[in-house]
Amino acid sequence: MDELVAQVNHDESPTRSSAGWVEVIAGSMFSGKSEELIRRLRRAKIARQKVQVFKPEMDSRFSENQIVSHSEMRHDSANSRSAAEVLARVEPDTEVVGIDEGQFFDNELVNVANELARRGVRVIIAGLDQDYTGKPWEPMPQLLAIAEYITKTHAICMKCGQPANYSQRTFESEERVAVGASDKYEARCRRCFVPHADAPTVHV
Ligand SMILES: [Zn+2]
């Protein structure tokens with residue numbers, strides 16, 4: 001990624017004549033997606049680029065007007081009810097658009113990302129790529145397909161310590177969306193993941 005980032009920075013131009021692009025940061029819960037998104041946004045701001053950040057209105061888990069990582073990194077953001085609203089609120093001189101919790105947006109987010117990139121905007125979207133049963137969580141798969149750059153983040157399996165790619169639910173619910181953190185989910189690898197609720201891992 002460092003090599004890629006160096007290349008990207010080199011190509012960045014203050015004029016809008018250059019083409020934009022789409023970056024997707026995808027992975028399980030506790031894999032550091034928001035942290036990676038915030039890191040990229042902060043770097044853009046250090047370079048005095050105009051940055052706008054959006055998150056779905058439903059995700060008020062930690063803060064109303066900020067995106068917050070599990071490690072308590074924060075970045076100001078605006079709540080948005082739909083992908084169309086994101087597009088409508090992007091200002092003409094904005095150079096970087098960050099979007100957190102992409103899986104909670106509607107499928108129109110794919111067109112919105114393409115449209116912003118076409119206008120010359122660097123679009124960075126973080127999100128869960130699978131739901132609690134291990135199914136791809138749209139629109140993340142579609143976003144991964146259209147993105148120029150993809151970063152897959154991994155957590156560490158709470159059971160065995162291997163790289164984890166799944167979000168294990170530790171409580172019973174059939175709802176696809178059940179917002180919670182370490183009290184309701186844990187990271188698991190493919191071997192330790194079970195596609196239904198499982199008892200929390202206890203280390204003795
Ligand atoms: Zn495991």
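**Overall layout**

The protein has five helices and 12 strands; these elements are DSSP runs (helices H or I of at least four residues, strands E of at least two), numbered from the N terminus. The model is predicted, so local features need pLDDT of at least 70 and side-chain atom pairs count only at pLDDT 80 or more, whereas totals for chains, interfaces and linings use all residues. Residues are numbered from 1 along each chain as its sequence is written.

Of the 204 residues, 37% count as buried. A residue is buried if 20 or more other C-beta atoms lie within 10 Å of its own, exposed if 12 or fewer, and partly exposed in between, with C-beta atoms placed from the backbone. Among contacts between residues at least 6 apart in sequence, 74% join residues at least 24 apart; two residues are in contact if their C-beta atoms, placed from the backbone, lie within 7 Å.

**Stop 1: the sheet**

Select β5, β2, β6, β7, β1 and β8. In that order, these six strands form an open sheet with parallel pairing; two strands pair if DSSP finds at least two bridges between them. The edges are β5 (78–80) and β8 (149–153), each of which pairs on one side only. Neighbouring strands of this sheet are turned by 20° against each other on average, direction ignored. Axes here are lines fitted to C-alpha atoms, for helices over the stretch in contact, and angles run from 0 to 180 degrees between N-to-C directions.

Next, select β6 alone. V96 and G98 point one way from β6, V97 and I99 point the other way, and all are buried. Four bridges join β2 to β6, and four bridges join β6 to β7.

**Stop 2**

Helix α2 lies across β1 (21–27), β2, β6, β7 and β8, and runs at about 165° to β7. Helix α4 packs on the sheet and touches β1, β6 and β7, its direction making about 155° with that of β7.

Display β6, α4 and β7 together: they make a right-handed β-α-β unit. A crossover is right-handed if, with the strands pointing away from the viewer, the path from the first strand over the helix to the second runs clockwise.

**Stop 3: the buried side of α4**

Within α4, select the buried residues L109, V110, V112, A113, L116 and A117. They lie on the same side of α4 because they cover an arc of only 165° around the axis; the arc is that of the directions from the helix axis to the C-beta atoms. The buried residues of α4 pack against β1, α3, β6, β7 and α5. Just after α4, G120 takes a positive phi of about 105°.

**Stop 4: the nonpolar core**

Now select A113, V123, I125 and L143. Of the 44 residues in the largest nonpolar core, these four touch the most other members. Helix α4 gives the most to this core, with six residues. A nonpolar core is a set of buried Ala, Val, Leu, Ile, Met, Phe, Trp, Tyr and Cys residues joined through C-beta atoms within 7 Å. Centre the view on A113: leaving aside its neighbours within four places in sequence, A113 is in contact with V22, V123, I125, L143 and I146.

**Stop 5: A83**

A83 is found in helix α3 (residues 83–89). A83 counts as buried because it has 22 C-beta neighbours inside 10 Å. Not counting residues up to four places away in sequence, A83 touches F105, D106, E108, L109 and V112. A83 and F104 are 21 residues apart in sequence and 9.9 Å apart in space, C-alpha to C-alpha.

**Stop 6: backbone details in loops**

Select R48, in the loop between α2 (33–46) and β2 (51–56). The phi of R48 is near 60°, a positive value in a residue other than glycine. R48 is exposed, with 9 other C-beta atoms within 10 Å.

Move to E101, in the loop between β6 (96–99) and α4 (109–118). E101 also has a positive phi, near 55°, but E101 counts as buried, with 21 C-beta neighbours inside 10 Å.

Finish at P139, in the loop between β7 (122–128) and α5 (140–146). The peptide bond from E138 to P139 is cis, with omega near 5°.
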